[in-house]
Amino acid sequence: MRIWPIALLLMLATLSATGQDAALKLTARTRVPVAGIAELYEPREQQVDWKPAETAVMFIDVWDRHWCQGAVRRMEPLVPRMNELAKAVRSKGGLVIHAPSDTCNKFYADHPGRKLARSAPAATPPVTMKGWCSLIRDKEGALPITDSDGGCDCEPRCKEGIVWKQQHPGIEIAGGDYISESGEEIYNVFHQRGIRNVIIAGVHTNMCILGRSFGIRRLVSCGFNVVLVRDLTDTMYNHRAAPFVPHDRGTDLVIEHVEKNWCPTILSSDILGGRKPPHVVFALDESEYKAKDTLPAFAKKELEEKLGWKITVMASDDVKTLPGTEAIASADLLVIFMRRTTLPDEQFGRFKAYFDAARPVMGIRTASHAFQNWLAFDHAILGGNYHNHYANNLGSTLSPIAAAKTHPILRGVDPLAFKSTGSLYMTSPLAKTATPLLLGTVPNQPEEPAAWTNIANGGRVFYTALGHPDDFNLPQYRKLLVNAMLWTMDRPIPMNAAP
Ligand SMILES: [Zn+2]
């Protein structure tokens, strides 16, 4: 029997303990069609384990400068995290590829990383790795944003041109890293090193990340497992171009496009740690329905205890002030149960800034008339049209609209037909951007939408006219709210969502 030297055993133990051979555990998000509803997709998350030795991280076009000052401003904060990602993948035994186009044969011509890339023996890729890979209309349809104007979001517009000289110095190029801007070369490197998995970060998703000779379209076509780090990318998208949404929503739409058509996305926290739970901020300012009792109790039980989310409650009995609105800026979801408030400019301004950024919103019951100084809020943001309600003693009967029965928000809302003791709100007709999910009825009257989704300014909104204190005792209502919160934040709603 061979006696292993103690030093070797110790080294093996250390390797294992420091995770050199530990898999990269990623939460890969794709987007799948919802059965039974045309054109509706939902996010799906799947855990994948990648062997570091078979994995490369590639930074595409993270330049030192950019002709668009907006692009510079958005990318600068991402660079330190990109460097952390490079360090992490490198230390686990993965490959790091720096791909700053237009600079490799000038600034980096004699760099050891260039020589390393050039020295990989030629291999034969299954598809060409030469030149730009344009939109493949048969496979992916059109991009969800118009970028033919170059995508500068600034005012006045920046002058286009090649102003970059090297990769951003904030990303360290270590010994053993590769530098290349050639699809063929990068394919050779991957072939030589047995790379099967590629993690992509950099800019801009709608252009270089998809289209470069070594971009997502090409790598996926070659059969590599590819993921895009969705919090370490950006788009060139001008909010004055279709679909006329804030810049960050445009980026989200392109990421959705990638998830639908090309490859999953991950968060840098999958590798670097520190994934934060969602922060839900409640704005409660009404005196009729005890929102200040029902919603915090609901949030504590269903969100804080069961899901580990962070909760902030702003509550007031005074329609003239709502203390604590500073919290809105850090909200991942703003839940509004307010009635006919006229807030000081500073407080109201924080709501407006949040809506202008098209961040997730949930409106409950009297939220349709939350702002007495902005009655258009109902239609513009919530997508509703509140104008009156039926008698209190009638209550209402709820049922799903046929076209929405398989909507993820109604998943596990069981049974889907139920009664509410709250009066039925007259809410129709809804905005064209709204999609009704539940209908409410009282005898001998037309049906009224009682819960719907809306897309306002590109952002996700959910509203329900239900919200009577008794509703919070209904398992269906509680499920509806939790599902809708997940939906507004674009988080997966479990398939086996038991009530
Ligand atoms: Zn610009």
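These legends describe an overall view and several close-ups of one predicted model.

Residues are numbered from 1 along each chain as its sequence is written. Because the model is predicted, local features need pLDDT of at least 70 and side-chain atom pairs count only at pLDDT 80 or more, while totals for chains, interfaces and linings use all residues.

**Figure 1. The whole protein.** The protein has 14 helices and 19 strands. Both are DSSP runs numbered from the N terminus: helices are H or I with at least four residues, strands are E with at least two. The radius of gyration is 26 Å, close to the 23 Å that the globule rule gives for 499 residues, so the protein is as compact as a globular protein of that length. That radius is taken over C-alpha atoms, and the rule is 2.2 Å times the number of residues to the power 0.38. The C-alpha trace spans about 80 × 70 × 45 Å along its principal axes. Of the 499 residues, 44% count as buried. A residue is buried if 20 or more other C-beta atoms, placed from the backbone, lie within 10 Å of its own; it is exposed at 12 or fewer, and partly exposed in between.

**Figure 2. The largest nonpolar core.** A nonpolar core is a set of buried Ala, Val, Leu, Ile, Met, Phe, Trp, Tyr and Cys residues joined through C-beta atoms within 7 Å. The largest one holds 64 residues. Val280, Ala283, Leu334, Val335, Ile336, Phe337 and Met362 touch the most other members. Helix α14 (residues 475–488) gives the largest share of this core, eight residues. A second, separate core has 60 residues, including Met75 and Tyr178.

Figure 3. Six of the six residues of β11 are buried. Leu333, Val335 and Phe337 cover one side; Leu334, Ile336 and Met338 lie on the other. In a regular strand the side chains alternate between the two faces of the sheet. Leaving aside neighbours within four places in sequence, Val335 is in contact (C-beta atoms, placed from the backbone, within 7 Å) with Val280, Phe282, Ala283, Met362 and Ile364. Six bridges join β9 to β11, and the two run parallel. Val280 has Leu333 as its bridge partner in β11. Three bridges join β11 to β12 (residues 361–364), also parallel. There, Leu334 has Val361 as its partner.

**Figure 4. The nine-stranded sheet.** This open sheet has the order β10-β9-β11-β12-β19-β18-β17-β14-β15, with mixed pairing. Two strands pair if DSSP finds at least two bridges between them. The edge strands, β10 (310–315) and β15 (418–420), each pair on one side only. Strand β14 (residues 396–400) and β15 run antiparallel, joined by three bridges. Ser396 stands opposite Ser420 in β15.

**Figure 5. Helix α6 and its packing.** Helix α6 covers residues 183–193. Its buried residues include Gly183, Ile186, Tyr187 and Phe190. The buried residues of α6 pack against β3 (55–60), β4 (95–99), α4 (112–118), β5 (178–179) and α8 (216–222). Gly194 follows the helix, with a positive phi near 70°.

**Figure 6. A buried arginine.** Arg230 lies in strand β7 (residues 225–234). Arg230 counts as buried because it has 21 C-beta neighbours inside 10 Å. Leaving aside neighbours within four places in sequence, Arg230 is in contact with Ile255, Thr265 and Leu267. Val258 is 28 residues apart from Arg230 along the chain, and their C-alpha atoms are separated by 10.0 Å.

Key. Two residues are in contact if their C-beta atoms, placed from the backbone, lie within 7 Å.
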